[in-house]
Amino acid sequence: MTEVFLLPLAVLLPLLMACCVHVSADRFARPLQWVGALGMATLVLALVAHDAPMRTVLGGWEAPLGIELVADRLAKTLLVFTLLVYAAVLLYAEGYFAQSPIEARRFRPLAWLLWAACNAAFLSDDLFNLYVTLELAGLTAVGLAALSGHPKALAAALRYLLAALLAANLFLLGLALLYGSTGVLSLRMLAAAVEPGTASLLAFVLLVTALALKTALLPLHTWLPPAHGGAVTPVSALLSALVIKVSFVILLKLWLHFAPVLDLVVLGQGLAVMGALAVVWGSLLALRQQRLKMLVAYSTVAQVGYLFLPFAWLRPGTPAAAVAFDASVLQILGHGFAKAAMFLAAGVLLRAAGRDGLEGLQGAASRQPLAVFALALAGISLIGLPPSLGFSAKWSMLQAALLAGQWPWVLLLLTGSLLTAAYVFRAIRYAFLPAPDVSELRPVPALMSYSALLLAVLAAFGGLGTATLAAWLEIEIAGWPEALP
Amino acid sequence: MSAIAMDAATLWWVLGTALTFLGLGVMLAAPALLRKLLAFNVMGSGVFLVLLALRPRGPDGVADPIAQALVLTGIVIAIASTALGLMLARRYHLATGRDSLPEDAPEGTDD
Amino acid sequence: MNTWLLAATLASSLFAGLLIFCLPERSVRLRTTINLAAALLKLACVAGMLWGTEQGQQYELRLPFLPGNDFLLRADTLGLLFMTLSAVLWLFTTIYAIGYLEGSPHRSRFFGFFSLCVTATVGIAMAGNLATFFLFYELLTLATYPLVVHRGTPKALAGGARYLAYTLGGGALLLAGIVGLQSLVGTVEFRFGGVAALRDAGDPIVLAALFALLVAGMGVKAALFPLHGWLPHAMVAPAPVSALLHAVAVVKAGAFGIVRLVYEVFGIETAQSLGVLTPLAVLAAFTILLGSFRALAQDDLKRRLAYSTVSQVSYIVLGVALFGPMGTIGGLVHLVHQGIMKITLFFCAGNYAETLGIHRVSELAGVGRRMPWTTAAFTVAALGMIGLPPMAGFVSKWYLGLGALEADMGWVLAVLLLSSLLNAAYFLPILHSAWFDPLPDGQPGTTTTAPVRNEASPALLGPTLAAATLVLAFGLLAGTAWSPLGWVERIASEAYSP
């Protein structure tokens with residue numbers, strides 16, 4: 001019975017926290033965040049502990065009139081993922097903003113609002129609710145991107161906003177077309193009611209385009225590097241790890257519901273091809289960067305490409321589909337942890353060095369060993385070396401490609417790994433150079449390095465839990481397309 | 001020229017589509033930030049029109065009221081987005097004196 | 001009992017490494033204690049497993065890892081061979097490194113990664129399936145990179161970059177091969193005779209191509225032509241690293257992988273029927289000769305030894321490629337013997353560099369008078385490499401020769417002979433110069449009556465002499481059941497009648 005309250009609470013608690021930290025004085029805000037974080041942790045654990053899928057109907061209005069919140073195992077996995085990323089980032093932010101209270105006061109409420117939006121998106125199963133959560137996440141992300149007020153950050157935030165607005169309208173247009181032809185908005189009812197045909201396909205393509213724009217898939221990626229690379233470090237971590245995953249998860253859910261009804265084979269191959277190009281192009285651009293945070297931001301462009309590869313193999317009724325689904329989830333988790341860790345570690349190293357170029361990393365292996373270690377571990381996951389989550393994702397992708405009989409993807413996956421290794425080690429090798437004599441090192445709180453290390457360890461060793469995770473999630477995808485909750 | 005017989009719904013979705021494309025075009029092409037935001041609103045209005053035009057009708061011919069709820073929500077979101085956009089554009093203008101983004105992507109800064 | 005000895009063997013060096021990372025630079029005594037304690041603990045665990053296996057005990061550790069592929073550790077005879085070699089040589093190298101790096105910067109970092117490196121090597125030895133093998137294989141790459149670039153000089157970084165490019169590329173090929181193979185036959189767990197499903201898994205051309213892919217992947221680390229280019233440039237690392245890399249960890253891991261591949265993934269019979277053994281033998285033979293030729297031209301002592309490694313590790317691959325128990329015995333026993341001999345040589349090279357500042361072969365004139373013990377060890381090992389009895393190297397070459405005859409590949413005998421001559425060509429002049437040439441002018445004690453001795457410090461000399469003694473011992477005692485040869489004969493009998 002009480003579980004019914006847990007799902008809305010997952011959205012309401014961060015909203016409440018956002019309001020509270022906004023109105024409270026600085027010295028109350030910090031302990032308040034601890035309380036909030038603990039509350040969220042308890043809540044998420046309670047949700048995970050409840051084994052069966054949970055469904056809450058808000059306000060007593062059943063679908064298609066009302067809104068439902070659904071917590072299947074995928075949603076629970078994503079909630080835990082969000083919790084872990086936020087725990088590390090909030091911890092980091094306390095140390096990061098210690099000298100700049102103004103920025104801290106801007107950061108805290110927006111960060112909690114973003115958490116509410118992410119949770120809401122992961123729990124929603126209704127197309128319009130997904131639109132609203134997408135907007136909420138997007139607008140808070142824009143606000144976070146502009147946090148510092150620096151002109152370059154403002155420009156990046158404006159570019160991000162325009163892309164988000166365009167995506168929003170495209171999404172709404174696709175939604176309008178679908179609603180017009182079926183009269184329902186809940187995803188499972190839509191899947192049942194939609195008529196296969198060009199009109200529905202067009203609507204779906206609009207939705208996919210909008211979400212691809214929000215996830216920064218090549219060639220719609222140009223807004224991402226300045227926004228992610230130019231933001232303050234905790235924001236960069238949140239943007240790269242979480243915000244782009246929100247739009248991607250919505251796309252994944254749409255795909256799982258609509259692929260059995262519409263003929264999405266060509267679209268899937270198209271998305272995968274763009275993903276492949278993103279992997280190569282993003283990696284090449286990352287290799288050319290002279291600044292660490294821009295290198296990490298372009299790395300996001302490349303890694304987003306990996307997210308889109310499984311669409312080539314997610315065909316209902318094929319054995320490759322379950323493996324491709326696992327690959328998507330593993331890539332979400334692996335990239336999220338690794339990229340957040342990488343940004344957080346980069347922030348520590350840049351703050352210690354006092355400048356943002358790669359040469360500022362010299363000697364860091366002995367001066368900031370924890371941060372370098374975190375950077376290296378995160379890099380291991382991005383490259384895809386065992387036993388990281390990134391490796392499990394690539395292993396699953398390789399298997400899915402071979403199961404689907406599309407072995408050329410193997411070449412791309414291996415090339416991508418080598419290119420990633422090239423830019424990761426390009427950054428890391430600076431750390432092993434002897435430190436320059438004149439070093440204006442600023443002290444950096446150890447807490448910041450530890451929060452980066454926490455996420456990096458999750459990324460680099462999470463692959464050991466792959467079998468357990470895959471077995472747990474199997475019920476979501478086994479027997480697809482019949483068994484969707 | 002014969003009068004084109006059109007009922008209200010068709011008129012709305014034709015207009016809506018036209019507005020959508022108009023807004024889309026200007027949003028992509030116009031350099032000035034203010035014009036992009038205005039174009040976003042025009043495009044949004046177009047999409048709302050399409051939504052209303054296409055909404056399904058119940059068994060007794062009464063249009064589904066959910067569409068209105070959706071449009072209202074959409075309008076609220078559009079207002080919030082526009083407000084944010086205007087605030088950012090104004091701050092940007094105060095900081096740099098520009099009213100449009102530089103054409104090539106600026107590099108990120110450290111913090 | 002069955003599982004925790006395996007876990008303890010891994011954990012000893014893993015935790016030692018993690019602990020050492022946290023130690024400040026100046027806690028020398030604590031670091032030394034942890035290092036030695038971990039090395040002895042690991043040796044004890046391996047000895048325990050050896051004894052247990054003699055009693056018929058089975059060791060297995062299985063944890064969930066990937067769907068369909070467990071994290072599987074086992075202690076079978078072949079794995080135990082490699083494990084024992086690693087554990088013993090790690091002990092020697094630890095003692096050596098403590099002495100060699102005295103006063104150097106960043107020792108905590110060095111020994112931390114050193115311990116991780118050995119963890120990875122032992123993990124490779126214990127891996128029971130391809131997925132676990134791959135896990136530790138890539139871990140080895142990651143653990144050795146910081147050791148190669150330890151000095152932080154531009155040359156070190158360049159050598160490290162090249163090393164990574166080669167080994168990560170090899171890892172990519174290996175991964176492709178593993179996933180490809182498993183898509184045909186399902187999870188591959190190592191067992192003698194190969195995976196049963198492989199025999200009729202499909203197109204022999206596809207299987208042969210997968211074999212080639214897997215060999216290429218492992219061949220990078222094993223320095224098989226043309227994938228050996230990283231090895232001479234990795235000589236920029238400190239001598240203990242070169243010793244470990246070239247005697248135990250990286251090259252042996254590659255060779256060990258190829259051994260597992262031929263005997264326990266494909267099975268020697270299937271490999272023979274696929275026709276992949278002959279090309280492998282040719283490649284190995286070519287590498288043997290190429291390495292020896294290139295070694296002749298090198299004046300830098302460590303680079304000469306590096307090319308010698310390129311050549312010598314291919315003996316193992318050659319032995320594997322010869323169909324028949326004799327070839328197998330020759331190849332596998334050389335895994336041990338080459339390790340011992342090469343580590344002795346690198347220890348000596350390190351002694352010369354550390355004590356007298358000698359890096360080049362041309363500077364070795366008369367050094368036998370100044371550092372007699374080191375040069376004696378060098379002599380023993382060098383003679384072993386040439387293949388003279390009663391050194392260990394002679395035993396390996398003897399069996400390889402027998403194997404060549406057994407497999408009807410007479411041309412291999414010619415290769416073996418030629419290679420021994422080349423070995424003599426690049427080792428004998430060094431020995432002659434070291435013992436019989438007068439010391440160059442300007443060095444203290446250049447009179448022939450009483451040259452001043454400058455022998456290496458005990459920490460450096462001890463492991464050198466211990467290793468050299470083993471070279472002699474393995475050769476002299478090759479007939480007993482407890483020698484590497486006796487052990488390898490047991491493995492070979494399992495390989496041919498699983």
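Predicted model: local features only at pLDDT ≥ 70, side-chain atom pairs only at ≥ 80, totals over all residues.
Q: What pLDDT does chain C average, and where in chain C is the pLDDT below 50?
A: The average for chain C is 85, and 96% of the residues score at least 70. The pLDDT is below 50 over residues 445-450 of chain C, a stretch that has 6 contacts in the model beyond near neighbours in sequence. For the complex, the predictor gives an ipTM of 0.90 and a pTM of 0.91.

Q: Why does A452(A) count as buried?
A: A residue is buried if 20 or more other C-beta atoms, placed from the backbone, lie within 10 Å of its own; 12 or fewer makes it exposed, and anything in between partly exposed. A452(A) has 33 C-beta neighbours inside 10 Å, so it counts as buried. It lies in helix α18(A) (residues 446-461). The C-alpha atoms of A452(A) and L375(A) are separated by 8.2 Å, although the two are 77 residues apart along the chain.

Q: Why does A163(A) count as buried?
A: A163(A) counts as buried because it has 21 C-beta neighbours inside 10 Å. Its place is in helix α6(A) (residues 151-182).

Q: What makes up the largest nonpolar core, and which residues have the most contacts inside it?
A: A nonpolar core is a set of buried Ala, Val, Leu, Ile, Met, Phe, Trp, Tyr and Cys residues joined through C-beta atoms within 7 Å. The largest such core has 446 residues, and A145(A), A157(A), A341(A), L344(A), A345(A), A452(A) and L455(A) have the most contacts inside it. Helix α13(A) (residues 319-353) gives the largest share, 25 residues. A157(A) touches V142(A), A145(A), A146(A), A227(A) and also L88(B), not counting residues up to four places away in sequence.

Q: How do you know which chains touch?
A: Of the 2 pairs of chains that touch, A and B have the most contacts. No contact joins chain B and chain C, whose closest C-alpha atoms lie 26 Å apart.

Q: How many residues does the contact take from chain A and from chain B?
A: It takes 40 residues from chain A and 37 from chain B. On the chain A side, α5 (127-145), α6, α9 (224-230) and α12 (292-308) each supply at least two residues. The most come from α6(A), with 18 residues. By class, this side has 25 nonpolar, 9 polar and 6 charged residues. Ala, Val, Leu, Ile, Met, Phe, Trp, Tyr, Cys and Pro count as nonpolar, Asp, Glu, Lys and Arg as charged, and the others, Gly among them, as polar.

Q: How many residues of chain A are in contact with chain C?
A: 27 residues of chain A are in contact with 24 residues of chain C. α17(A) gives the most to the chain A side, with 8 residues. That side has 20 nonpolar, 6 polar and 1 charged residues.

Q: What span is expected for helix α17(C), and what does it reach?
A: The expected span is 1.5 Å times one less than the number of residues. α17(C) (residues 392-406) has 15 residues and reaches 22 Å from first C-alpha to last, close to the 21 Å expected. Its buried residues include G393(C), V395(C) and L400(C).

Q: How do you know that β1(C) and β2(C) pair?
A: Two strands pair if DSSP finds at least two bridges between them. 5 bridges join β1(C) (residues 60-66) to β2(C) (residues 69-74), and the strands run antiparallel. L63(C) stands opposite F71(C).

Notes. Residues numbered from 1 in each chain as written. Chains lettered and ligands numbered in written order. Helix = DSSP H or I, 4+ residues; strand = E, 2+ residues; numbered from the N terminus. Contact = placed C-beta atoms within 7 Å. pLDDT = per-residue confidence, 0-100.
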